[in-house]
Amino acid sequence: MAMRAYFLSCKSLEFCQSRRLKFLRTSNRTLNVLRKFADDRPAVILGIETSCDDTGCGIVDATGKILSEVINSQHLTHLKHGGIIPTIASNMHRQQITTVCEDALRSANLKLRDIDAIATTTKPGLALSLAVGNTFGKYLSRIGNKPYIPIHHMEAHALTVRMVEKIDLPYLVLLVSGGHSLLAIVENVDKFYTLGTTLDNAPGEVFDKVARRLKLANIPEFSHMSGGQAIESAASKATDPTKFVFEPVMMRKRDCQFTFSGMLNRTLKYISKQEKELDVDGSTVIPDVYNLCAALQISAVRHMCHRTQRAMEFINNMNLISQDKRTLVVSGGVACNNFLAKALEIVCLEKGFKFVRTPPRLCNDNGVMIAWNGMERWMANAGVIRDRDEIEMVTVEKKVPLGESWIERVQDAGIKCKLVKLKALLD
Ligand code: KG4
Ligand code: ZN
(Lines give C-alpha, C1' and ligand atoms only; values in the text may rest on other atoms or scores of the structure.)
(Ligands and ions follow the chains in the order given, each with its own letter.)
Protein backbone atom coordinates (compact mmCIF):
# COMPACT_ATOMS: atom_id res chain seq x y z
CA MET A 1 0.00 0.00 0.00
CA ALA A 2 2.77 2.41 1.02
CA MET A 3 4.73 1.49 -2.15
CA ARG A 4 1.67 2.09 -4.27
CA ALA A 5 1.13 5.50 -2.70
CA TYR A 6 4.78 6.31 -3.33
CA PHE A 7 4.63 5.42 -7.00
CA LEU A 8 1.32 7.22 -7.40
CA SER A 9 2.85 10.33 -5.91
CA CYS A 10 5.85 9.93 -8.22
CA LYS A 11 3.49 9.87 -11.17
CA SER A 12 1.63 12.98 -10.06
CA LEU A 13 4.98 14.61 -9.29
CA GLU A 14 6.08 13.87 -12.82
CA PHE A 15 2.87 15.33 -14.20
CA CYS A 16 3.35 18.59 -12.30
CA GLN A 17 6.99 18.69 -13.26
CA SER A 18 6.28 18.13 -16.92
CA ARG A 19 3.99 21.17 -16.87
CA ARG A 20 6.34 23.34 -14.85
CA LEU A 21 9.39 22.42 -16.85
CA LYS A 22 7.83 23.01 -20.24
CA PHE A 23 9.67 26.27 -20.62
CA LEU A 24 12.98 24.52 -20.06
CA ARG A 25 12.44 21.96 -22.72
CA THR A 26 13.25 21.92 -26.39
CA SER A 27 11.72 18.81 -27.82
CA ASN A 28 13.57 19.30 -31.07
CA ARG A 29 16.31 16.68 -31.02
CA THR A 30 18.14 18.17 -33.97
CA LEU A 31 18.86 21.29 -31.97
CA ASN A 32 21.11 19.26 -29.66
CA VAL A 33 22.94 17.69 -32.54
CA LEU A 34 23.40 21.02 -34.35
CA ARG A 35 24.73 22.68 -31.22
CA LYS A 36 27.34 19.98 -30.80
CA PHE A 37 28.80 20.86 -34.18
CA ALA A 38 28.15 24.57 -34.08
CA ASP A 39 29.94 25.56 -30.90
CA ASP A 40 32.96 24.27 -29.12
CA ARG A 41 32.02 25.50 -25.67
CA PRO A 42 33.03 23.22 -22.79
CA ALA A 43 30.62 20.43 -21.87
CA VAL A 44 28.07 21.23 -19.14
CA ILE A 45 26.70 18.72 -16.61
CA LEU A 46 23.77 19.13 -14.23
CA GLY A 47 24.14 17.18 -10.97
CA ILE A 48 21.43 16.18 -8.49
CA GLU A 49 22.06 15.17 -4.88
CA THR A 50 19.35 13.78 -2.56
CA SER A 51 21.14 10.96 -0.72
CA CYS A 52 20.37 12.24 2.78
CA ASP A 53 18.80 15.49 3.97
CA ASP A 54 20.00 18.07 1.43
CA THR A 55 18.27 18.63 -1.90
CA GLY A 56 21.06 19.89 -4.10
CA CYS A 57 21.50 20.79 -7.74
CA GLY A 58 24.73 22.06 -9.27
CA ILE A 59 25.80 22.85 -12.81
CA VAL A 60 29.48 22.78 -13.78
CA ASP A 61 31.42 22.96 -17.00
CA ALA A 62 34.44 20.97 -18.12
CA THR A 63 36.87 23.66 -16.93
CA GLY A 64 35.62 23.20 -13.36
CA LYS A 65 33.63 26.43 -13.40
CA ILE A 66 30.54 26.33 -11.19
CA LEU A 67 27.73 27.78 -13.29
CA SER A 68 25.20 27.49 -10.50
CA GLU A 69 24.58 25.85 -7.20
CA VAL A 70 21.31 25.53 -5.28
CA ILE A 71 20.82 23.70 -2.03
CA ASN A 72 17.80 23.23 0.18
CA SER A 73 18.85 21.96 3.57
CA GLN A 74 16.41 20.10 5.80
CA HIS A 75 18.73 20.48 8.78
CA LEU A 76 16.45 22.60 10.96
CA THR A 77 13.44 20.34 10.36
CA HIS A 78 15.36 17.23 11.38
CA LEU A 79 16.81 19.05 14.39
CA LYS A 80 13.26 19.41 15.72
CA HIS A 81 12.66 15.67 15.31
CA GLY A 82 15.91 14.72 17.05
CA GLY A 83 17.34 13.02 13.94
CA ILE A 84 16.62 12.31 10.30
CA ILE A 85 13.32 10.55 9.69
CA PRO A 86 13.58 8.96 6.22
CA THR A 87 9.92 9.48 5.22
CA ILE A 88 10.04 13.16 6.19
CA ALA A 89 13.34 13.56 4.31
CA SER A 90 12.00 12.00 1.12
CA ASN A 91 8.77 14.02 1.25
CA MET A 92 10.77 17.20 1.58
CA HIS A 93 13.03 16.20 -1.32
CA ARG A 94 9.90 15.59 -3.40
CA GLN A 95 8.53 19.02 -2.51
CA GLN A 96 11.81 20.78 -3.30
CA ILE A 97 13.44 18.97 -6.19
CA THR A 98 11.67 20.76 -9.07
CA THR A 99 12.25 24.23 -7.63
CA VAL A 100 15.87 23.47 -6.76
CA CYS A 101 16.67 22.25 -10.31
CA GLU A 102 14.70 25.07 -11.95
CA ASP A 103 16.51 27.62 -9.82
CA ALA A 104 19.87 26.09 -10.73
CA LEU A 105 19.12 26.31 -14.44
CA ARG A 106 17.74 29.82 -14.10
CA SER A 107 20.67 31.14 -12.11
CA ALA A 108 23.11 29.64 -14.65
CA ASN A 109 21.00 31.30 -17.34
CA LEU A 110 20.66 27.96 -19.09
CA LYS A 111 17.85 25.80 -20.43
CA LEU A 112 17.75 22.03 -20.21
CA ARG A 113 18.75 21.89 -23.88
CA ASP A 114 22.10 23.52 -22.96
CA ILE A 115 23.03 20.65 -20.61
CA ASP A 116 25.09 17.77 -22.01
CA ALA A 117 24.17 15.12 -19.42
CA ILE A 118 22.34 14.62 -16.13
CA ALA A 119 24.31 13.13 -13.21
CA THR A 120 22.47 11.92 -10.09
CA THR A 121 23.50 10.29 -6.80
CA THR A 122 22.04 6.78 -6.89
CA LYS A 123 24.08 5.15 -4.08
CA PRO A 124 24.71 4.85 -1.14
CA GLY A 125 22.28 6.70 1.16
CA LEU A 126 18.69 6.69 2.37
CA ALA A 127 16.78 4.63 -0.19
CA LEU A 128 13.66 6.81 -0.13
CA SER A 129 15.68 9.99 -0.54
CA LEU A 130 17.88 8.58 -3.31
CA ALA A 131 14.75 7.45 -5.17
CA VAL A 132 13.45 11.02 -5.42
CA GLY A 133 16.66 12.25 -7.07
CA ASN A 134 16.88 9.23 -9.35
CA THR A 135 13.25 9.56 -10.49
CA PHE A 136 13.69 13.25 -11.18
CA GLY A 137 17.11 12.89 -12.80
CA LYS A 138 15.81 10.21 -15.16
CA TYR A 139 12.81 12.39 -15.90
CA LEU A 140 15.07 15.31 -16.90
CA SER A 141 17.19 12.95 -18.96
CA ARG A 142 14.06 11.68 -20.72
CA ILE A 143 12.39 15.00 -21.52
CA GLY A 144 15.68 16.60 -22.53
CA ASN A 145 16.94 13.51 -24.36
CA LYS A 146 20.18 13.61 -22.37
CA PRO A 147 22.61 10.87 -21.32
CA TYR A 148 22.33 9.80 -17.68
CA ILE A 149 25.26 9.32 -15.26
CA PRO A 150 24.53 7.48 -11.96
CA ILE A 151 26.90 8.64 -9.22
CA HIS A 152 28.34 6.97 -6.10
CA HIS A 153 28.08 9.60 -3.35
CA MET A 154 31.47 8.79 -1.79
CA GLU A 155 33.25 8.79 -5.15
CA ALA A 156 31.88 12.29 -5.63
CA HIS A 157 33.27 13.43 -2.25
CA ALA A 158 36.63 11.85 -3.16
CA LEU A 159 36.93 13.61 -6.52
CA THR A 160 35.44 17.06 -5.77
CA VAL A 161 38.83 18.59 -5.04
CA ARG A 162 39.99 17.96 -8.63
CA MET A 163 37.49 20.56 -9.73
CA VAL A 164 39.56 23.28 -8.07
CA GLU A 165 43.07 21.81 -8.02
CA LYS A 166 44.94 19.54 -10.36
CA ILE A 167 45.88 16.44 -8.39
CA ASP A 168 47.70 13.55 -9.96
CA LEU A 169 46.22 10.08 -9.68
CA PRO A 170 46.55 7.95 -7.64
CA TYR A 171 46.11 9.69 -4.28
CA LEU A 172 45.04 8.80 -0.77
CA VAL A 173 41.70 10.14 0.43
CA LEU A 174 40.17 10.36 3.89
CA LEU A 175 36.39 10.65 3.61
CA VAL A 176 34.66 11.60 6.82
CA SER A 177 31.04 12.64 7.04
CA GLY A 178 27.76 12.03 8.85
CA GLY A 179 27.31 8.65 7.19
CA HIS A 180 30.84 7.49 6.40
CA SER A 181 34.39 7.18 7.55
CA LEU A 182 36.82 5.65 5.13
CA LEU A 183 40.30 5.69 3.73
CA ALA A 184 40.81 4.86 0.08
CA ILE A 185 43.24 5.11 -2.77
CA VAL A 186 41.77 6.91 -5.75
CA GLU A 187 43.36 5.05 -8.65
CA ASN A 188 41.10 6.48 -11.30
CA VAL A 189 37.70 8.08 -11.85
CA ASP A 190 36.09 4.67 -11.56
CA LYS A 191 38.73 2.73 -9.65
CA PHE A 192 39.01 2.94 -5.87
CA TYR A 193 40.68 0.73 -3.26
CA THR A 194 39.22 0.96 0.24
CA LEU A 195 41.89 0.60 2.94
CA GLY A 196 39.59 1.01 5.91
CA THR A 197 36.06 1.87 6.86
CA THR A 198 34.09 2.29 10.05
CA LEU A 199 33.01 -0.71 12.10
CA ASP A 200 30.15 1.21 13.71
CA ASN A 201 29.39 4.95 13.66
CA ALA A 202 30.66 7.72 11.42
CA PRO A 203 32.42 10.68 13.11
CA GLY A 204 29.83 13.23 11.93
CA GLU A 205 27.08 10.99 13.28
CA VAL A 206 28.81 10.94 16.69
CA PHE A 207 29.18 14.75 16.69
CA ASP A 208 25.51 15.12 15.71
CA LYS A 209 24.33 12.74 18.45
CA VAL A 210 26.47 14.36 21.13
CA ALA A 211 25.47 17.88 20.07
CA ARG A 212 21.81 16.86 20.39
CA ARG A 213 22.33 15.18 23.75
CA LEU A 214 24.25 18.24 25.00
CA LYS A 215 21.36 20.45 23.79
CA LEU A 216 23.85 22.70 22.01
CA ALA A 217 21.02 24.04 19.83
CA ASN A 218 19.67 25.73 22.98
CA ILE A 219 22.74 27.99 22.99
CA PRO A 220 21.81 30.74 20.47
CA GLU A 221 25.25 30.94 18.78
CA PHE A 222 25.11 27.20 17.93
CA SER A 223 21.40 26.97 17.15
CA HIS A 224 21.77 27.04 13.35
CA MET A 225 24.89 24.90 13.13
CA SER A 226 25.25 21.25 12.23
CA GLY A 227 26.26 19.02 15.16
CA GLY A 228 29.88 18.85 14.03
CA GLN A 229 30.14 22.59 13.52
CA ALA A 230 28.64 23.18 16.96
CA ILE A 231 31.07 20.74 18.61
CA GLU A 232 34.03 22.44 16.91
CA SER A 233 32.91 25.91 17.99
CA ALA A 234 32.13 24.75 21.53
CA ALA A 235 35.52 23.00 21.74
CA SER A 236 37.30 26.23 20.82
CA LYS A 237 35.97 27.74 24.07
CA ALA A 238 37.36 24.99 26.31
CA THR A 239 39.42 26.05 29.31
CA ASP A 240 40.66 22.56 30.17
CA PRO A 241 40.48 20.16 27.19
CA THR A 242 42.19 17.44 29.23
CA LYS A 243 39.58 17.40 31.98
CA PHE A 244 37.83 14.39 30.40
CA VAL A 245 39.91 11.37 29.56
CA PHE A 246 39.25 9.16 26.54
CA GLU A 247 41.18 5.94 26.09
CA PRO A 248 43.19 5.75 22.84
CA VAL A 249 41.17 3.80 20.26
CA MET A 250 42.10 0.37 18.79
CA MET A 251 45.82 0.82 19.37
CA ARG A 252 46.51 -2.91 18.97
CA LYS A 253 44.65 -3.40 15.70
CA ARG A 254 47.15 -2.98 12.90
CA ASP A 255 44.64 -1.91 10.28
CA CYS A 256 42.92 1.20 8.94
CA GLN A 257 39.48 0.39 10.33
CA PHE A 258 37.67 3.01 12.39
CA THR A 259 35.47 2.82 15.46
CA PHE A 260 33.69 5.74 17.08
CA SER A 261 31.08 3.98 19.24
CA GLY A 262 33.35 3.83 22.32
CA MET A 263 33.94 7.57 22.41
CA LEU A 264 30.25 8.20 21.76
CA ASN A 265 29.17 6.03 24.71
CA ARG A 266 31.86 7.47 26.95
CA THR A 267 30.70 11.03 26.13
CA LEU A 268 27.05 10.17 26.75
CA LYS A 269 28.03 8.66 30.13
CA TYR A 270 29.97 11.80 31.12
CA ILE A 271 26.92 13.92 30.27
CA SER A 272 24.51 11.75 32.28
CA LYS A 273 26.89 11.66 35.22
CA GLN A 274 27.29 15.44 35.35
CA GLU A 275 23.56 16.02 34.85
CA LYS A 276 22.82 13.73 37.77
CA GLU A 277 25.54 15.05 40.07
CA LEU A 278 24.67 18.69 39.47
CA ASP A 279 20.92 18.15 39.11
CA VAL A 280 20.85 19.75 35.64
CA ASP A 281 17.27 20.05 34.36
CA GLY A 282 15.66 19.43 30.93
CA SER A 283 16.76 22.36 28.78
CA THR A 284 19.92 23.40 30.67
CA VAL A 285 23.38 22.61 29.34
CA ILE A 286 25.98 21.00 31.63
CA PRO A 287 28.66 23.41 32.92
CA ASP A 288 31.55 21.44 31.44
CA VAL A 289 30.08 21.43 27.94
CA TYR A 290 33.06 23.13 26.26
CA ASN A 291 35.70 20.93 27.90
CA LEU A 292 33.75 17.81 27.00
CA CYS A 293 33.37 18.86 23.34
CA ALA A 294 37.12 19.54 23.18
CA ALA A 295 37.97 16.14 24.68
CA LEU A 296 35.67 14.34 22.23
CA GLN A 297 37.07 16.29 19.28
CA ILE A 298 40.65 15.48 20.30
CA SER A 299 39.83 11.79 20.69
CA ALA A 300 38.09 11.58 17.28
CA VAL A 301 40.83 13.54 15.53
CA ARG A 302 43.62 11.44 17.06
CA HIS A 303 41.86 8.28 15.89
CA MET A 304 41.33 9.61 12.35
CA CYS A 305 44.97 10.73 12.20
CA HIS A 306 46.26 7.39 13.48
CA ARG A 307 44.36 5.39 10.84
CA THR A 308 45.39 7.85 8.12
CA GLN A 309 49.04 7.60 9.18
CA ARG A 310 48.91 3.81 8.89
CA ALA A 311 47.40 4.17 5.39
CA MET A 312 50.32 6.43 4.47
CA GLU A 313 52.84 3.96 5.86
CA PHE A 314 51.13 1.17 3.90
CA ILE A 315 51.45 3.22 0.70
CA ASN A 316 55.05 4.12 1.48
CA ASN A 317 56.09 0.57 2.39
CA MET A 318 54.50 -0.87 -0.74
CA ASN A 319 55.64 2.07 -2.84
CA LEU A 320 52.13 2.34 -4.27
CA ILE A 321 52.55 6.02 -5.15
CA SER A 322 55.84 7.51 -6.28
CA GLN A 323 57.52 9.52 -3.55
CA ASP A 324 57.19 12.92 -5.24
CA LYS A 325 53.47 12.46 -5.86
CA ARG A 326 52.17 11.29 -2.50
CA THR A 327 49.08 13.31 -1.62
CA LEU A 328 46.39 13.07 1.04
CA VAL A 329 43.02 14.61 0.23
CA VAL A 330 40.43 15.06 2.99
CA SER A 331 36.79 15.44 2.11
CA GLY A 332 33.21 14.98 3.40
CA GLY A 333 31.32 17.15 5.89
CA VAL A 334 33.72 16.46 8.80
CA ALA A 335 36.60 17.78 6.65
CA CYS A 336 35.16 21.26 7.43
CA ASN A 337 36.74 20.78 10.87
CA ASN A 338 39.81 23.04 11.17
CA PHE A 339 41.25 21.11 14.10
CA LEU A 340 41.22 17.91 12.04
CA ALA A 341 42.79 19.71 9.07
CA LYS A 342 45.63 21.06 11.21
CA ALA A 343 46.29 17.63 12.75
CA LEU A 344 46.35 15.93 9.33
CA GLU A 345 48.75 18.57 8.07
CA ILE A 346 51.19 17.61 10.84
CA VAL A 347 50.91 13.90 9.94
CA CYS A 348 51.41 14.68 6.24
CA LEU A 349 54.53 16.68 6.96
CA GLU A 350 56.04 13.79 8.94
CA LYS A 351 55.13 11.14 6.38
CA GLY A 352 56.09 13.00 3.21
CA PHE A 353 52.59 13.57 1.87
CA LYS A 354 51.25 16.77 0.37
CA PHE A 355 48.09 17.78 2.23
CA VAL A 356 45.13 18.94 0.16
CA ARG A 357 41.93 19.98 1.81
CA THR A 358 38.72 20.04 -0.22
CA PRO A 359 37.42 23.62 0.11
CA PRO A 360 35.03 23.52 3.12
CA ARG A 361 32.18 24.99 1.07
CA LEU A 362 32.34 21.88 -1.16
CA CYS A 363 32.78 19.38 1.69
CA ASN A 364 29.17 19.14 2.79
CA ASP A 365 26.71 17.41 0.48
CA ASN A 366 25.90 19.50 -2.57
CA GLY A 367 24.86 19.15 -6.20
CA VAL A 368 28.13 20.59 -7.53
CA MET A 369 30.18 17.59 -6.43
CA ILE A 370 27.72 15.29 -8.19
CA ALA A 371 27.88 17.39 -11.35
CA TRP A 372 31.69 17.34 -11.20
CA ASN A 373 31.83 13.57 -10.75
CA GLY A 374 29.47 13.40 -13.74
CA MET A 375 31.91 15.59 -15.65
CA GLU A 376 34.89 13.39 -14.76
CA ARG A 377 32.95 10.37 -15.99
CA TRP A 378 31.80 12.27 -19.08
CA MET A 379 35.38 13.18 -19.98
CA ALA A 380 36.61 9.62 -19.34
CA ASN A 381 33.50 8.16 -21.02
CA ALA A 382 33.03 5.90 -18.00
CA GLY A 383 29.54 5.06 -16.79
CA VAL A 384 27.70 7.44 -19.13
CA ILE A 385 24.41 5.78 -20.11
CA ARG A 386 22.89 6.76 -23.43
CA ASP A 387 20.45 3.95 -24.07
CA ARG A 388 16.90 4.98 -23.01
CA ASP A 389 15.86 1.54 -21.77
CA GLU A 390 19.07 1.20 -19.80
CA ILE A 391 18.54 4.62 -18.23
CA GLU A 392 15.01 3.70 -17.15
CA MET A 393 16.40 0.60 -15.44
CA VAL A 394 18.77 2.54 -13.16
CA THR A 395 17.76 1.95 -9.54
CA VAL A 396 19.09 3.16 -6.20
CA GLU A 397 21.14 1.19 -3.66
CA LYS A 398 21.37 2.17 -0.02
CA LYS A 399 24.64 0.35 0.80
CA VAL A 400 27.47 0.08 -1.70
CA PRO A 401 31.16 -0.17 -0.78
CA LEU A 402 33.62 2.17 -2.42
CA GLY A 403 35.51 0.21 -5.07
CA GLU A 404 37.57 -2.84 -4.16
CA SER A 405 38.34 -3.76 -0.55
CA TRP A 406 42.01 -3.74 0.42
CA ILE A 407 41.16 -3.92 4.12
CA GLU A 408 42.66 -7.40 4.46
CA ARG A 409 45.77 -6.42 2.54
CA VAL A 410 46.38 -3.68 5.08
CA GLN A 411 45.72 -6.08 7.97
CA ASP A 412 48.11 -8.62 6.45
CA ALA A 413 50.81 -5.97 6.20
CA GLY A 414 50.59 -5.69 10.02
CA ILE A 415 52.10 -2.22 10.16
CA LYS A 416 52.95 -1.09 13.66
CA CYS A 417 52.20 2.59 13.68
CA LYS A 418 52.99 5.05 16.42
CA LEU A 419 50.99 8.23 15.95
CA VAL A 420 53.20 11.23 15.27
CA LYS A 421 53.24 13.83 18.02
CA LEU A 422 50.36 16.27 17.69
CA LYS A 423 51.65 18.30 20.62
CA ALA A 424 51.98 21.49 18.58
CA LEU A 425 48.25 21.37 18.09
CA LEU A 426 47.17 20.25 21.50
CA ASP A 427 49.20 22.73 23.57
O1 KG4 B 1 29.12 15.07 3.82
P2 KG4 B 1 27.96 15.54 4.64
O3 KG4 B 1 27.31 16.85 4.29
O4 KG4 B 1 26.82 14.47 4.66
C5 KG4 B 1 27.04 13.12 4.67
O6 KG4 B 1 27.33 12.56 3.58
O7 KG4 B 1 26.97 12.58 5.78
O8 KG4 B 1 28.46 15.59 6.16
C9 KG4 B 1 27.63 16.06 7.18
C10 KG4 B 1 28.33 15.83 8.50
C11 KG4 B 1 27.43 16.09 9.69
O12 KG4 B 1 27.47 14.99 10.56
C13 KG4 B 1 28.05 17.31 10.33
O14 KG4 B 1 27.85 17.36 11.73
C15 KG4 B 1 29.50 17.16 9.96
O16 KG4 B 1 29.47 16.68 8.63
N17 KG4 B 1 30.22 18.45 10.02
C18 KG4 B 1 31.28 18.67 10.83
C19 KG4 B 1 31.65 20.02 10.65
N20 KG4 B 1 30.80 20.57 9.73
C21 KG4 B 1 29.94 19.58 9.35
N22 KG4 B 1 31.95 17.85 11.67
C23 KG4 B 1 32.99 18.38 12.36
N24 KG4 B 1 33.37 19.66 12.25
C25 KG4 B 1 32.75 20.53 11.42
N26 KG4 B 1 33.14 21.80 11.33
ZN1 ZN C 1 28.22 13.22 2.00
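Select Arg377 and what surrounds it. Leaving out neighbours within four places in sequence, Arg377 is in contact (heavy atoms within 4.5 Å) with Ile149, Pro150, Ile151, Glu155, Val189, Asp190, Ala382, Gly383 and Val384. This is a predicted model, in which local features need pLDDT of at least 70, side-chain atom pairs count only at pLDDT 80 or more, and totals for chains, interfaces and linings use all residues. Residues are numbered from 1 along each chain as its sequence is written, chains are lettered from A and ligands numbered from 1 in the order in which they are written, and side-chain values use heavy atoms, with hydrogens and water left out.

Arg377 lies in helix H12; helices here are DSSP runs of H or I with at least four residues, and strands are runs of E with at least two, numbered from the N terminus. With a relative accessible area of 11%, Arg377 is buried. The classes are buried under 20% relative accessible area, exposed over 50% and partly exposed in between, with a 1.4 Å probe and protein chains only.

**Glu155 and Arg377**

Glu155 and Arg377 form a salt bridge, with 3.1 Å between the closest N and O atoms. The term covers a side-chain nitrogen of Lys or Arg within 4 Å of a carboxyl oxygen of Asp or Glu. Glu155 belongs to helix H6 and Arg377 to helix H12, so this pair ties together parts 222 residues apart in sequence. Both Glu155 and Arg377 are buried.

**Gly383**

Gly383 has a relative accessible area of 41% and is partly exposed. Not counting residues up to four places away in sequence, Gly383 touches Tyr148, Ile149, Pro150 and Arg377. For a distance across the model, pick Gln297 as well: Gly383 and Gln297 are 39 Å apart in space, C-alpha to C-alpha, and 86 residues apart in sequence.

**Glu392 and its partners**

Move to Glu392. A salt bridge joins the side chains of Glu392 and Arg142 at 3.0 Å, N to O. Glu392 is in helix H13 (residues 388-392) and Arg142 in helix H5 (residues 127-144), so the pair ties together parts that are 250 residues apart in sequence. Glu392 counts as partly exposed at 35% relative accessibility, and Arg142 counts as partly exposed at 31%. Now include Arg388: Arg142, Arg388 and Glu392 are linked in a network of salt bridges.

**The domain interface**

Colour the chain by domain, using bounds from an automatic or database domain assignment. Domain 1 is 44-164 + 365-392, and domain 2 is 171-358 + 404-426. Their C-alpha centres lie 28 Å apart.

Show the residues that touch across the boundary: 17 residues of domain 1 are in contact with 20 residues of domain 2. About 1,500 Å² is buried between the two domains, and carbon and sulfur atoms give 74% of that area. Buried area is the accessible area (1.4 Å probe) that two parts lose on being put together, summed over both.

How many salt bridges does the rule find across the interface of domain 1 and domain 2? The count is zero, while the structure holds 17 salt bridges.

H6 gives the largest share, five residues.

**Arg213 and Glu275**

Select Arg213 and Glu275. Their side chains meet in a salt bridge of 2.8 Å, N to O. Arg213 in helix H7 (residues 203-213) and Glu275 in helix H9 (residues 261-278) are 62 residues apart, and the pair links distant parts of the chain. Arg213 is partly exposed, with a relative accessible area of 29%, whereas Glu275 counts as buried at 15% relative accessibility.

**Helix H8**

The last stop is helix H8 (residues 227-235). Seven of its nine residues are buried, so H8 is largely enclosed by the rest of the structure. To display the buried residues, pick Gly227, Gly228, Ala230, Ile231, Glu232, Ala234 and Ala235. Then show H7, helix H10 (289-318) and helix H11 (338-351), against which the buried residues of H8 pack.
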